[in-house]
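Dear colleague,

Please find the structure below, together with a summary of what was found in it. I would be grateful if you could read the two side by side.

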Protein chains: 2
Amino acid sequence: MTTMSDVAKLAQVSPGIVSRLLNEDETLRIRDETRERVLAAAKELDYTPNFAARALRMSKVGVIGLAVHDASNPVYSEIIEGAQAEATRAGYALMLADVDALATDDRLFKRFMSSGAVDGLLLQRAGTASDSFVTRVASERVPTVLLNDRTTGRIGSVAADDYAAAFLATRHLIGLGHREIGILQVDGVRNRSDRRTRGWRDALKQAGLEARKSQVTMGGHTADQGWQGMHEMLAQPERPTAVFAANVLAAVGAVRACQDARLEVPGGMSIIGLHDVFLAEYLTPRLTVVRLPLFELGAQAVRLLLEQRESGEARHLTLTDPAPVLVVRGSTSPPETRQYA
Amino acid sequence: MTTMSDVAKLAQVSPGIVSRLLNEDETLRIRDETRERVLAAAKELDYTPNFAARALRMSKVGVIGLAVHDASNPVYSEIIEGAQAEATRAGYALMLADVDALATDDRLFKRFMSSGAVDGLLLQRAGTASDSFVTRVASERVPTVLLNDRTTGRIGSVAADDYAAAFLATRHLIGLGHREIGILQVDGVRNRSDRRTRGWRDALKQAGLEARKSQVTMGGHTADQGWQGMHEMLAQPERPTAVFAANVLAAVGAVRACQDARLEVPGGMSIIGLHDVFLAEYLTPRLTVVRLPLFELGAQAVRLLLEQRESGEARHLTLTDPAPVLVVRGSTSPPETRQYA
DNA sequence: GTGAAAGCGCTAACAA
DNA sequence: TTGTTAGCGCTTTCAC
């Protein structure tokens with residue numbers, strides 16, 4: 001391993017010079033000749049500063065932690081990619097961890113949070129018990145920003161415009177001529193779920209329609225839960241002709257539940273999902289969705305975190321630009337004119 | 001920040017003792033009384049060892065790098081989860097990076113590889129130009145293990161039993177009565193693609209069937225590429241009645257391509273994919289696949305890497321246990337008896 | 001059984 | 001314009 005003194009020795013200067021030059025210290029006044037000599041030596045030896053020594057000295061590692069529940073969920077992975085991209089741009093590396101593992105193994109958790117292994121934490125909560133524990137403990141130790149979530153106080157947060165998205169989705173169904181429109185709610189983090197439900201309710205209200213309790217069921221975050229939620233919805237006496245699923249995966253399950261019940265989509269039931277993912281394109285029928293800027297959300301979260309680290313002040317952001325966009329595919333249509341008996 | 005000397009001071013011992021006790025040094029002979037005092041002090045101060053200082057002193061950080069092309073691909077994410085789990089078990093953290101970013105920004109790359117920021121690298125290649133660059137440079141600096149890939153020499157590798165899986169998939173189609181069976185190949189890493197193609201060819205041969213060149217097209221790693229590949233396959237004069245897609249996402253696209261061509265699946269065309277992912281369950285028809293132990297692959301790769309770090313010797317493994325399993329769903333059936341005109 | 005001291009590789013303050 | 005030095009927090013060797 002080649003160290004800074006190796007470089008210094010070869011260039012016949014002191015280590016201090018090498019350090020200041022390589023770190024682009026503005027106050028460094030150096031002869032061109034010497035500069036060249038040092039640079040040449042560094043190149044010759046293929047020198048790279050030691051990560052740990054630097055971190056120790058500067059109490060800063062250049063790593064951002066990212067704690068999620070389910071990295072394989074296509075919705076989250078877009079956020080992750082955005083965070084990845086922005087972190088890289090800012091010269092940081094991303095370290096992925098599992099929230100539940102973090103909460104379970106508290107030795108690992110401490111090591112992760114209190115040892116200076118990360119300069120900050122991006123946290124995606126799902127409303128579980130481990131979440132609140134992790135949130136509390138982590139935020140006491142490192143700057144923390146919540147992903148697609150909303151808080152106040154010293155924990156930062158950046159949320160997508162779920163309300164506008166839900167509103168837009170519901171408007172689409174109304175525009176198609178639907179009058180009885182249900183919602184498959186997401187579970188977990190309360191505010192996230194509420195924002196979506198409000199969007200649905202307000203759109204109905206604005207159109208003079210009623211938001212019926214019986215047309216609200218739990219769709220959750222997975223296709224299985226979505227199937228279950230739609231299954232329950234279909235059993236309601238006042239069955240809707242269209243449903244807004246507050247999560248794509250729930251929409252996927254909902255489509256299947258209808259098909260299993262021999263109810264055609266979109267003929268007998270229109271379904272619109274929230275969040276666009278590639279697989280929406282490959283279902284039968286293709287899934288109509290509202291697309292939210294998830295990649296940007298991830299990137300913005302990183303920016304917020306870095307800012308928060310500087311200023312010590314947490315901000316709470318809702319990402320309204322770019323706005324949600326409606327992607328019409330095949331799972332929504334005007335309601336069939338014949339009514340159920 | 002509380003340090004080890006804080007603990008030592010409070011317990012009225014020297015830092016050396018604290019270190020040895022906390023690290024469970026076998027050779028340490030200590031009075032029970034002192035031990036308790038130190039432990040109590042550590043607890044009282046809520047002490048956690050500083051990550052960077054430890055890394056600097058021991059030239060080991062406790063972090064494994066994981067470089068992938070597309071973390072959102074559900075196939076890879078299962079591998080990632082397996083690696084995550086095993087790394088955690090072994091007391092390591094996983095650091096996710098993007099292969100292409102690594103190759104593009106060589107400052108980042110160096111920092112990542114040569115600075116001691118990771119103790120080893122897990123690499124998922126896709127056969128691109130950046131891959132070979134990253135592979136070569138990285139393996140010169142840290143222990144490296146390739147994911148679902150095969151090499152010789154100082155780079156380790158752990159592969160799933162793609163051959164057996166392809167064989168099994170093709171056998172299934174043959175068992176159903178198909179005589180004309182095509183394959184949608186994967187692109188990228190040569191050996192991976194070859195193993196799958198050989199499995200297909202050998203199964204055909206064993207059944208006395210011909211592996212026709214015209215029934216081999218490129219299905220790639222994405223649904224879009226799969227669509228394209230199937231589209232080409234359908235244009236062949238000797239169109240098969242069944243196809244083995246060497247990747248699930250390709251299978252997804254292939255199903256859609258058939259439907260777009262008004263060819264029913266499985267009636268007019270049976271399709272079987274490789275790798276099981278949740279969405280297979282939600283397509284119409286549900287996708288028949290062969291399931292490979294991807295989670296185990298990720299876990300095994302971590303074990304191999306850690307071993308390789310110790311011994312300095314790379315191993316090359318094919319994961320034959322658990323064996324591939326056939327998951328029959330709705331996208332395969334006996335061929336229609338009526339033949340094409 | 002326990003303490004003292006050296007040093008991992010780097011940066012920053014101060015001297016020269 | 002450059003050199004010297006102290007010290008970040010830890011582990012480990014050797015001395016007592």
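In this predicted model, the secondary structure of chain A consists of 13 helices and 12 strands. Chain A is more spread out than a compact globule, because its radius of gyration is 26 Å, well over the 20 Å that the globule rule gives for 341 residues. The C-alpha trace of chain A spans about 95 × 35 × 35 Å along its principal axes. Of the 341 residues in chain A, 52% are buried. When contacts in chain A between residues at least 6 apart in sequence are considered, 72% join residues at least 24 apart.

Chains A and B touch each other, and the contact takes 43 residues from chain A and 43 residues from chain B. On the chain B side, the elements that give two or more residues are helix 4, helix 5 (74–89), strand 2 (93–98), helix 7 (106–114) and helix 12 (248–260). Helix 5 of chain B gives the most to that side, with 7 residues. By class, the side of chain B that touches chain A holds 25 nonpolar, 11 polar and 7 charged residues.

Helix 4 of chain A gives the most, with 5 residues. The residues of the surface near DNA strand C comprise 13 nonpolar, 8 polar and 5 charged.

With kind regards

Methods: Residues numbered from 1 in each chain as written. Chains lettered and ligands numbered in written order. Predicted model: local features only at pLDDT ≥ 70, side-chain atom pairs only at ≥ 80, totals over all residues. Helix = DSSP H or I, 4+ residues; strand = E, 2+ residues; numbered from the N terminus. Nonpolar A, V, L, I, M, F, W, Y, C, P; charged D, E, K, R; others polar. Contact = placed C-beta atoms within 7 Å. Rg over C-alpha atoms; globule rule 2.2 N^0.38 Å. Buried ≥ 20, exposed ≤ 12 C-beta atoms within 10 Å, placed from the backbone.
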